[in-house]
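Please look through the sequence and the model shown here before reading the notes that follow. They are arranged by topic, for a reader who is meeting this structure for the first time.

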Amino acid sequence: MLDKKQLITIKGTRDGLTLFIDEVCSYDLVVNELHATIAESSPKENEPVVSVKVQLGNRFLTEQQKKELTDIITKDHRFIVESIESSVIRREEALRWKEHSDIQAVSRVIRSGQVLEVTGDLLLIGDVNPGGKVVATGNIYIMGNLHGIAHAGSIGDRQAFIAASFMKPNQLRIADYISRAPDYEADGVYMECGLVDEEQDKIVIDRLQVLSHKRQVLSGFERRMQNG
Amino acid sequence: MGEAIVITSGKGGVGKTTTSANIGTALALMEKKVCLIDTDIGLRNLDVIMGLENRIIYDIVDVIQERCKLKQALIKDKRFDYLSLLPAAQTSDKSAVTTDGMKQIISELKQEYDYIIIDCPAGIEQGFQNAVAGADKAIVVTTPEKSSVRDADRIIGLLEKEDMESPRLIINRIRNHMMKNGDMLEIDEIIQVLSIDLIGIVIDDDEVIKASNKGEPVALQPNSKASIAYRNIARRILGETVPLQSLEDEKGVLYKVKKFFGMRA
């Protein structure tokens, strides 16, 4: 009975193969069947390498199981695994996503010597005085004067940006990029934002309006939904 | 029940001790009972500015280490009965005083006096912690210089963590011609950065130094600009509404001060 039902379905697209794995059968069965399927359909020596997407449906796999599947698929180097997708994630992971994408609103003055660190995006209503520092894992929005240091995407998100009503910072930091104020006395700028420019490979400051086409997805949560 | 006000700044040399002496004197001139406390253990100055150096027998460390009673250490001012000074020790260091000891002394003094003015040492270490421990209010002194404003900002941040009212600001040593030329920070610029209420401005007046050297606080003089400024600050502490002193007869600055004052009021 069980054998007749197809546990693994392969569909070819222009970009490669997609492997649909049945979401209710036991993991052991998947492993067995996968061995057979891969042996059958593996490209021959002279054919090009094919990239494979694995669709798990509502099945949850641990990191170790994912690695095992990847090993089976890629064992004779004719397939490469592009991604393993599942519609379910663990609760902790979901909470972590949420935490990293919430906006924390804070209303106070960050004075010299003070550091405000938040997980997720920071909405600060108030000033960052010279010598003060704000750090967020997501974006930083400041309704006030930024005179001190702002560090957005502190755990490595280069897509993060810093927006402020008035900007004359000591330093702007985004992920691992750092830029500092020029040595000559410069005037601050109103309603601008700092973001990483991929082409120039550095932080640039521009009008707030550019955000609407350079960073269309502001929320970290949506960003994660789209990119995993 | 009296009120304890700490005079602090973070940076050294901006005029904390001079300000303490003069506010104390000005309040005493208005017939308030005032006690000045010098908490700069090891580098005491307040007694010199008040001209009371020769009368010191016991000091604050003697009180805390129970070598004498609080009353024995208090020095009555030679000019008014309303003013007393609790001097700092010159031989110990700042670790000789504890925050609990300070709180104890201040709560005792509050029974007797209307105002207790605490002169804080420079820095943000133990000496600062001791000075703010028993205070109900704080006045931050700054000069129109970047470094001094930066330190004032830091101090305000530390004071916000203490259990007291939002501190108020004195801008000291204002040099009118430099401010006019843009060589010094402007008053509204400083207030914008520090975002606390201004309680007074004091211009840089030669009389202050002369008076300090004589051991006569400048607030005793009837007419000098600095004297009027300190007496105005004392009146504001008492809750009166007093307009800010005009810096000079120049219209530019006067206009700005007025504009600023209008903004606040």
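**Briefing on the predicted model**

Residues are numbered from 1 along each chain as its sequence is written, chains are lettered from A and ligands numbered from 1 in the order in which they are written, and side-chain values use heavy atoms, with hydrogens and water left out.

**Annotated spans**

- UniProt, in an unreviewed entry, lists residues 3-158 of chain B as "domain: AAA"; UniProt positions are given in the numbering used here, feature names are shortened, and annotations may be inferred rather than shown by experiment.
- For chain A, the UniProt annotation "domain: Septum formation inhibitor MinC C-terminal", also from an unreviewed entry, covers residues 106-205.
- That span of chain A, residues 106-205, is 0% helix and 53% strand, and its end C-alpha atoms lie 24 Å apart.

**The annotated binding site in chain B**

- Under "binding site", an unreviewed UniProt entry lists Lys11(B), Gly12(B), Gly13(B), Val14(B), Gly15(B), Lys16(B), Thr17(B) and Thr18(B).
- Gly12(B) lies in the loop between β1 and α1 (16-29) of chain B, and at 36% relative accessibility Gly12(B) counts as partly exposed; buried means under 20% relative accessible area, exposed over 50%, and partly exposed in between (1.4 Å probe, protein chains only).
- Val14(B) has its place in the loop between β1 and α1 of chain B, but Val14(B) is buried, with a relative accessible area of 2%.
- Leaving aside neighbours within four places in sequence, Val14(B) is in contact (heavy atoms within 4.5 Å) with Ser9(B), Val141(B), Thr143(B), Ser148(B), Asn172(B) and Arg173(B).

**Nonpolar cores and an enclosed helix**

- A nonpolar core is a set of buried Ala, Val, Leu, Ile, Met, Phe, Trp, Tyr and Cys residues joined through side-chain atoms within 4.5 Å.
- The largest such core has 55 residues, and those that touch the most other members are Ile37(B), Ile60(B), Leu86(B), Leu109(B), Ile118(B), Leu169(B) and Ile187(B).
- Helix α7 (residues 146-161) of chain B gives the largest share of this core, 6 residues.
- A second, separate core has 36 residues, including Ala21(B), Ile49(B), Met50(B) and Ile117(B).
- Beyond neighbours within four places in sequence, the contacts of Leu86(B) include Cys35(B), Ile37(B), Ile60(B), Val63(B) and Ile105(B).
- Helix α6 (residues 126-133) of chain B is largely enclosed by the rest of the structure, because 6 of its 8 residues are buried.
- The buried residues of α6(B), among them Phe128(B) and Val132(B), pack against β1 (3-8), α5 (99-112), β5 (115-119) and α7 of chain B.

**The largest pocket**

- The largest pocket has a volume of about 1,000 Å³, where grid points are joined across faces, edges and corners, and a volume is the space filled by probe spheres set on the points.
- On a 1 Å grid over the protein atoms alone, a cavity is a set of points where a 1.4 Å probe fits but cannot get out, and a pocket is an open set with protein on both sides within 12 Å along at least five of seven lines, with lining residues having an atom within 4 Å of a point.
- Of the 36 residues that line the largest pocket, His147(A), Lys168(A), Glu185(A), Ala186(A) and Gly188(A) lie nearest its centre.
- The elements that give two or more residues to this lining include β14 (189-197) and β15 of chain A, together with α7 and α9 (187-194) of chain B.

**Individual residues**

- Val204(A), in strand β15 (residues 202-207) of chain A, is buried at a relative accessible area of 13%.
- Glu66(B), in the loop between α3 (60-64) and α4 (70-73) of chain B, has a phi near 60 degrees, a positive value in a residue other than glycine, and Glu66(B) counts as exposed at 71% relative accessibility.

Conventions: This is a predicted model: local features need pLDDT of at least 70, side-chain atom pairs count only at pLDDT 80 or more; totals for chains, interfaces and linings use all residues. Helices (H or I, at least four residues) and strands (E, at least two) are DSSP runs, numbered from the N terminus.
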